[in-house]
There are 2 protein chains.
Amino acid sequence: MESKLQELKARLMEVNDLNMAGALLSWDQTTYMPPGGAPARGRQLGTLAQIAHEKATDPSIGKLLDDLRPYEESLPYESDDASLIRVARRDYERLTKVPAAFMAQLQGHIATGYDVWTRARPANDFKMVRPALEKTLDLSRQLANYFPGYEHIADPLIDFADYGMKASSVRAIFSQLREKLVPNVRAITAQPPADDECLHQHFPEDKQLAFGLEVIKRFGYDFNRGRQDKTHHPFMTKFSLGDVRITTRVKENDLGEAIFSTMHESGHAMYEQGINMAYEGTPLANGASSGVHESQSRLWENVVGRSYGFWEYFYPRLQAVFPEQLKSVPLDTFYKAINKVQRSLIRTDADEVTYNLHPIIRFDLELQMLEGKLEVRNLPEVWRARYTSDVGITPPDDKDGVLQDVHWYGGVIGGAFQGYTLGNILGAQFYAAAMKAHPEVTGEIGRGEFGTLHRWLIENIYQHGAKFTAGELVQRVTGGPLSVEPYINYLKTKYGAIYSLA
Amino acid sequence: MESKLQELKARLMEVNDLNMAGALLSWDQTTYMPPGGAPARGRQLGTLAQIAHEKATDPSIGKLLDDLRPYEESLPYESDDASLIRVARRDYERLTKVPAAFMAQLQGHIATGYDVWTRARPANDFKMVRPALEKTLDLSRQLANYFPGYEHIADPLIDFADYGMKASSVRAIFSQLREKLVPNVRAITAQPPADDECLHQHFPEDKQLAFGLEVIKRFGYDFNRGRQDKTHHPFMTKFSLGDVRITTRVKENDLGEAIFSTMHESGHAMYEQGINMAYEGTPLANGASSGVHESQSRLWENVVGRSYGFWEYFYPRLQAVFPEQLKSVPLDTFYKAINKVQRSLIRTDADEVTYNLHPIIRFDLELQMLEGKLEVRNLPEVWRARYTSDVGITPPDDKDGVLQDVHWYGGVIGGAFQGYTLGNILGAQFYAAAMKAHPEVTGEIGRGEFGTLHRWLIENIYQHGAKFTAGELVQRVTGGPLSVEPYINYLKTKYGAIYSLA
């Protein structure tokens, strides 16, 4: 058994290495690659992905997984070996159920569709992408149908990102959340908007970057195993557990942009850096799910990074970095500015309170499309109607409406949006559990100390990597199932105070 | 035949893509990778190399090459298709003659030996690396013996880097060169040394970098298809014909370091950038040989970049960048400083006149080792003796003696050094041919214009990539075989003027 397990690990490591090489090629593509490198880079990424797919679906892996089943069953569920075999089997089954020819067709179509979208969005021309999007919907349904036995056709697609979740369970959670959120949004936006003028002065890039690095170093992001570069869209990527990088972008007329994106990506990165190093190169060296990953970026960006305590410590430092711009701006004004709530069109720019309305709308619409109840040609209209009813604002065009997010144009329809809102919910739930175990965390944050919180997260979440599903993790960490209550309480307490609500 | 050729190209492209991915991983390793990434990066490079080797030696490639032989023979030698098949066959035969298990053993040994050398050199401890070097010699001989039928045991190893050259032909050339060089070195070094104090002031890094970039942009290095980063050792690397990068290093107390390394690497890079774009991803998308590659780095660095005409144009610019440091230094003083000839210990720091003595010594010694006439344990002593007799200076230790170059410790013994001197010879020979065709080049260089020279090099050398061997290329370009005369004439004319020799 020992030699079969070694053989399995060696084969998975090979696949991992190919995927990590691909990740570096992608990172370079968005950071340092000269323009002339683009055509070959796309081809090289395709070659690596194809070889990785061939190796990951090699029948010998299936045979090893079968042979290892008795060994797996002889071990405790939580043991590293059993978990590795279990997660490897899940991956293998997912990959082998989809014919390679279909995957190639899908990827080819997505590449084309994405390319069209990059031109259609600035041109505000939904018609330009409609045929591609219709085909994407068709292919997304086909993809789901390779996993028969589902309750809802979106389930397999949701399962890819958030293993164990289903359309029905996500819907139930989202409807609870929406019910609470919509009145809150109404109550807050009925008040005069916060003044965030202080964030829109001129803030030189180098100083913004240095401040962001100082913050995440204090958080516990390990620069010995990471670095930050600039890209058009911020992201986290990893090439091994010893090399987990983040990127950011800076707007010199918007102080919030770089600082909060840096905190956000550092949350993703600290999760990966916190995974047990013994899992390096195995399928356990990943986050538990899209939602759990997002819970960590949101926890560090919002729950910590937009808290009053955090800025009690850091605001004097920020004022020292930008004395001209901020010396006459009181902490309270700054705090309200970075937590300004307003009805807005763009998901990625939305505040904490209104944010979830955006993914929930997308999630509902993609379910309707997959069900065949919403046709792609009616999507822009339905999008506008939902924004009007839920967010209370009507998109004046498709560019900042249905064309705003890359997900449907650079991927399949289904499974990509629920993770954002699940992340917000889970982030608050995990944070509440951390606070229960360590009430001193609040005081520490006010002193710019994050060690207790970071260690608790490593101990309870990060170290396990993909060993547990999101559901198992929530149960272990909080003693109960996923719940929207901590998140609603968090929002009510925080924004109740800012907006003096009842 | 068309479909077989397409199949061959597709298989070669796959190998190319894996190798290019490996090149990017290596580039990142020396530029931006955080220290924590090192262990996994080594493993990932190994994985990519192994998969590339498996795919490159797949018998189906041999079969395709056999099937394509009649097609190849029906085409003119110079046609792209015939050349691609010919060069692919050469590569395939080289790779398949060596058993994969032997290659793995060799690479494992080299990695270990290299690691020992990185500690042995600073410790000035040859004994520490001696056992590894003895094994390297043994393995180098074994490697050569996979290519039976050679005239000299070094021939297969020389052939890897400089296809078509042999120990006997290189020896003949080097002995001609040495005969002419040694008296020249004596005559020059009998005179008072040039004063290069002006280069050893404080020159801020950013200004040095900006000046170097300005120069190579004028040369014709295309930043749309390249970029420069900083590394400990400068190098050129490529990820496709659209992405050919260079690196440099800066010493703030040595103005020559960055400028000349930048020019040197830009020469390598312009060669690669000049290859016919239709060859992208094929074995033709490479330089013709190690010597021809080096001819281009040397041509741009030395023949152009250390010429009087070049600095007639650029020196006033350099003075404008560093007015305090250079305003009172006349052009003549600066010109003599950057062309200072002196007996020295370190190959990479040597001037144009003495430089070739260094590779020639190494070439002779590695031949003697491979022949079994020189034992590794006697190497330091023999090294010192040769430096004393040829260079006229005795290394005081092994650190700056036999341990100075990585080649024997990070590779095999044989084949790595002749390319440097062949490059100097070829560079002068090609330049003489360019001047014969375009005598106006001298005047253009004096006006900071390099277009005629660059276009001539693209037309006659660069565009062909690996289509022709070095020997064929010299014949085509100069109408005759490789010859040391142009190089000797170049040195005599240039240094005769500087040192007022008869």
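The model is predicted, and every value below is computed from it. Chain A holds 23 helices and three strands, and its radius of gyration of 23 Å is close to the 23 Å that the globule rule gives for 502 residues, so chain A is as compact as a globular protein of that length.

**Overall build of chain A**

- Taken along its principal axes, the C-alpha trace of chain A spans about 70 × 50 × 50 Å.
- Of the 502 residues in chain A, 42% are buried.
- When the contacts in chain A between residues at least 6 apart in sequence are considered, 71% of them join residues at least 24 apart.

**The contact between chains A and B**

- Chain A contributes 30 residues to the contact, and chain B contributes 31 residues.
- On the side of chain A that touches chain B, at least two residues come from each of helix H1 (2-31), helix H2 (38-56) and strand S2 (236-240).
- By class, that side of chain A consists of 14 nonpolar, eight polar and eight charged residues.

**Helices H10 and H11 of chain A**

- The axes of helix H10 (residues 205-219) of chain A and helix H11 (residues 255-273) of chain A come within 9 Å and cross at roughly 30 degrees; because angles under 35 degrees count as roughly parallel, H10(A) is roughly parallel to H11(A).
- The crossing of H10(A) and H11(A) is right-handed.
- From H10(A), the residues that meet H11(A) are Gln208(A), Leu209(A), Phe211(A), Gly212(A), Val215(A), Ile216(A) and Phe219(A), while H11(A) supplies Leu255(A), Ala258(A), Ile259(A), Thr262(A), Met263(A), Ser266(A) and Met270(A).
- The contact of H10(A) with H11(A) is made up of ten nonpolar and four polar residues, with no charged residues.

**Helices H17 and H19 of chain A**

- Helix H17 (residues 357-371) of chain A and helix H19 (residues 418-437) of chain A have axes that come within 8 Å and cross at roughly 140 degrees, and H17(A) and H19(A) are therefore oblique to each other.
- The crossing of H17(A) and H19(A) is left-handed.
- Pro359(A), Ile360(A) and Phe363(A) form the H17(A) side of this contact, and Gln418(A), Tyr420(A) and Thr421(A) form the H19(A) side.
- The residues of the contact of H17(A) with H19(A) comprise four nonpolar, two polar and no charged residues.

**Asn124 in chains A and B**

- Most residues other than glycine have a negative phi.
- Asn124(A), although it is not a glycine, has a positive phi of about 55 degrees, and its place is in the loop between helix H6 (100-120) and helix H7 (126-145) of chain A.
- Asn124(A) has 14 other C-beta atoms within 10 Å and is partly exposed.
- In chain B, Asn124(B) likewise has a positive phi of about 55 degrees without being a glycine, and Asn124(B) is found in the loop between helix H6 (100-120) and helix H7 (126-145) of chain B.
- Asn124(B) is partly exposed, with 14 other C-beta atoms within 10 Å.

Definitions and conventions
Residues are numbered from 1 along each chain as its sequence is written. Chains are lettered from A and ligands numbered from 1 in the order in which they are written. This is a predicted model: local features need pLDDT of at least 70, side-chain atom pairs count only at pLDDT 80 or more; totals for chains, interfaces and linings use all residues. Helices (H or I, at least four residues) and strands (E, at least two) are DSSP runs, numbered from the N terminus. The radius of gyration is taken over C-alpha atoms; the globule rule is 2.2 Å times the number of residues to the power 0.38. A residue is buried if 20 or more other C-beta atoms lie within 10 Å of its own, exposed if 12 or fewer, and partly exposed in between; C-beta atoms are placed from the backbone. Two residues are in contact if their C-beta atoms, placed from the backbone, lie within 7 Å. Ala, Val, Leu, Ile, Met, Phe, Trp, Tyr, Cys and Pro count as nonpolar, Asp, Glu, Lys and Arg as charged, and the others, Gly among them, as polar. Axes are lines fitted to C-alpha atoms, for helices over the stretch in contact, and angles run from 0 to 180 degrees between N-to-C directions. Angles under 35 degrees count as roughly parallel, over 145 as roughly antiparallel, 65 to 115 as roughly perpendicular and the rest as oblique. A crossing is left-handed if the near helix is turned anticlockwise from the far one by less than a right angle, and right-handed if clockwise.
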